[in-house]
Amino acid sequence: MLPSIEIRINNLIKSLEKTIIPAVNPDDSLALEQAALVVGHLQVLSQQWDGAYIFERGSLFQLKALALLLLAAATGEGFNMPAVTQLQEAVDDIPEVLPLTVTGINPYIQALGEGVDALINASFNDASEALNREVSAYVLAYGQRQALRERSWFQGNGLDTDKQELMPIDELLKTDLAFEHTGK
């Protein structure tokens, strides 16, 4: 039986803390700082690795929901059609059955993000003031949700000053799964 990823990460942390860091010259503050940074990253990875796929699926579905809102809004006359086409193609390219890895999902997230950016830029160049306000409202609402997701996802680094706003990673992942199925 192979050791779990969690055990492997914890063994790396223990190796750094018990053997490698004590062997570093105490006068080499940069090396000590970098070693502590590696330990911190490994601790966060230990918390995240098991839910990374669900988190990335959540990112994809949240961004797709924003894309669909923007596409619905971007039907006005004189709107920059290449941006609309780019975003629609990114949405259409998402397969019904998603890849089963984070690496497999990331190209779809990237394409959606690029399409959303293009449509936002086109909106502010070509669209009416009313459409720009609608686009802004959608983007700001998405940004607030995504910022909370990302802050919650990285709460293990201990740097967030408003910890009471964050949800536990398990709750975050349940929320992502619910959004995927309901869009809410």
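Where in the chain is the place of F124? I start with that residue, and the answer is that F124 sits in helix 5, where helices are DSSP runs of H or I with at least four residues, strands are runs of E with at least two, and both are numbered from the N terminus.

Before going on, a word on the source: this is a predicted model, in which local features need pLDDT of at least 70 and side-chain atom pairs count only at pLDDT 80 or more, while totals for chains, interfaces and linings use all residues. Residues are numbered from 1 along each chain as its sequence is written, and side-chain values use heavy atoms, with hydrogens and water left out.

Let me turn to the chain as a whole. There are seven helices and zero strands, and reading along the sequence gives the pattern α-α-α-α-α-α-α. The radius of gyration is 21 Å, well over the 16 Å that the globule rule gives for 184 residues, so the chain is more spread out than a compact globule; here the radius is taken over C-alpha atoms, and the rule is 2.2 Å times the number of residues to the power 0.38. Taken along the principal axes, the C-alpha atoms fill a box of roughly 70 × 40 × 30 Å.

Of the 184 residues, 34% are buried, where buried means under 20% relative accessible area, exposed means over 50%, and partly exposed is in between, with a 1.4 Å probe and protein chains only. If we take contacts (heavy atoms within 4.5 Å) between residues at least 6 apart in sequence, 67% of them join residues at least 24 apart.

L60, beyond residues up to four places away in sequence, touches I94, L98, I105, Y108, I109 and L112.

S59 is buried, with a relative accessible area of 8%, and, leaving aside neighbours within four places in sequence, S59 is in contact with I109, Q146 and R149.

Coming back to F124, this residue counts as partly exposed at 44% relative accessibility, and F124 touches N132, V135 and S136 when residues up to four places away in sequence are not counted. Between F124 and P168 there are 37 Å in space, C-alpha to C-alpha, and the two are 44 residues apart in sequence.

Finally, Q155 is found in the loop between helix 6 and helix 7 (169-182), and is partly exposed, with a relative accessible area of 29%. From Q155 to G104, 51 residues apart along the chain, the C-alpha atoms are separated by 25 Å.
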